[in-house]
Amino acid sequence: MAQGELKGGILSKEYYADSLVVEEEIRISRDIHREQHNEHLEYHHAENAIAIALRSNSPILYARALDNHGLLYRYHQVYQ
């Protein structure tokens with residue numbers, strides 16, 4: 001059984017709280033990118049999403065956060 005899951009496949013409140021925060025951080029990074037185009041803030045929120053997703057032990061959340069971060073890198077042409 002994955003951490004954060006209870007018997008019967010019901011997810012804990014912490015999982016839902018983490019997933020909402022990850023989604024919010026992704027949304028904020030995208031909004032900043034669209035409206036203000038402040039690279040420092042975009043990456044700050046994208047990296048927050050990654051850290052929170054990693055802590056939640058959810059591969060789906062982690063993949064979404066990494067995808068968002070990768071899209072920012074691609075847009076800013078960061079190919080290291």
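**Helices, packing and loops**

A: His37 is found in the loop between helix H1 (13-35) and H2. Keep in mind that this is a predicted model.

Q: OK, and what is phi at His37?

A: Phi of His37 is near 55 degrees, which is a positive value in a residue other than glycine.

Q: Is His37 buried, exposed or partly exposed?

A: His37 has 38% relative accessibility, so it counts as partly exposed. The cut-offs are under 20% for buried and over 50% for exposed.

Q: Which loop holds Asn57, and what is its phi?

A: Asn57 sits in the loop between H2 and H3. Its phi is near 60 degrees, again a positive value in a residue other than glycine. The relative accessibility of Asn57 is 41%, so Asn57 is partly exposed.

Q: Back up a bit. How many helices and strands does the chain have?

A: The chain has 3 helices and 0 strands. Along the sequence the pattern reads α-α-α.

Q: And how much of the chain is buried?

A: Of the 80 residues in the chain, 34% are buried.

Q: Now the packing. At what angle do H2 and H3 meet?

A: Helix H2 packs on helix H3, residues 59-75, at an angle of about 160 degrees, and their axes are 8 Å apart.

Q: Parallel or antiparallel, then?

A: Roughly antiparallel, because the angle between H2 and H3 is about 160 degrees and the cut-off for that label is over 145.

Q: Left-handed or right-handed crossing?

A: The crossing of H2 and H3 is left-handed.

Q: Which residues make the contact?

A: From H2, the residues are Glu42, Tyr43, Ala46, Glu47, Ala49, Ile50, Ala53, Leu54 and Ser56. H3 contributes Leu61, Tyr62, Ala65, Leu66, Asn68, His69, Leu72 and Tyr73.

Q: What does that come to by class?

A: The contact of H2 with H3 has 12 nonpolar, 3 polar and 2 charged residues.

Q: Ser56 is on that list. Where does it lie, and is it buried or exposed?

A: Ser56 lies in helix H2, which covers residues 39-56. Its relative accessible area is 8%, so Ser56 is buried.

Q: What does the Ser56 side chain reach?

A: The side chain of Ser56 reaches the backbone oxygen of Ala53, at 2.7 Å.

Q: Switching to Ser29. Which helix is that in?

A: Ser29 is part of helix H1. With a relative accessible area of 0%, Ser29 is buried.

Q: Which backbone oxygen does the side chain of Ser29 reach?

A: That of Ile26, at 2.8 Å.

Q: Last one: where is Asp67 found?

A: Asp67 is in helix H3. At 45% relative accessibility, Asp67 is partly exposed.

Q: How far is its C-alpha atom from that of Ile50?

A: The C-alpha atoms of Asp67 and Ile50 are separated by 9.6 Å, and the two residues are 17 residues apart along the chain.

Technical notes
Residues numbered from 1 in each chain as written. Predicted model: local features only at pLDDT ≥ 70, side-chain atom pairs only at ≥ 80, totals over all residues. Heavy atoms only, no water. Helix = DSSP H or I, 4+ residues; strand = E, 2+ residues; numbered from the N terminus. Buried < 20%, exposed > 50% of the residue type's maximum accessible area, 1.4 Å probe, protein only. Polar contact = N/O pair within 3.5 Å; in protein donor to acceptor, adjacent residues only side chain to side chain. Axes fitted to C-alpha atoms, helices over the stretch in contact; angles between N-to-C directions. Parallel < 35°, antiparallel > 145°, perpendicular 65-115°, else oblique. Left-handed = near helix turned anticlockwise from the far one by under 90°. Contact = heavy atoms within 4.5 Å. Nonpolar A, V, L, I, M, F, W, Y, C, P; charged D, E, K, R; others polar.
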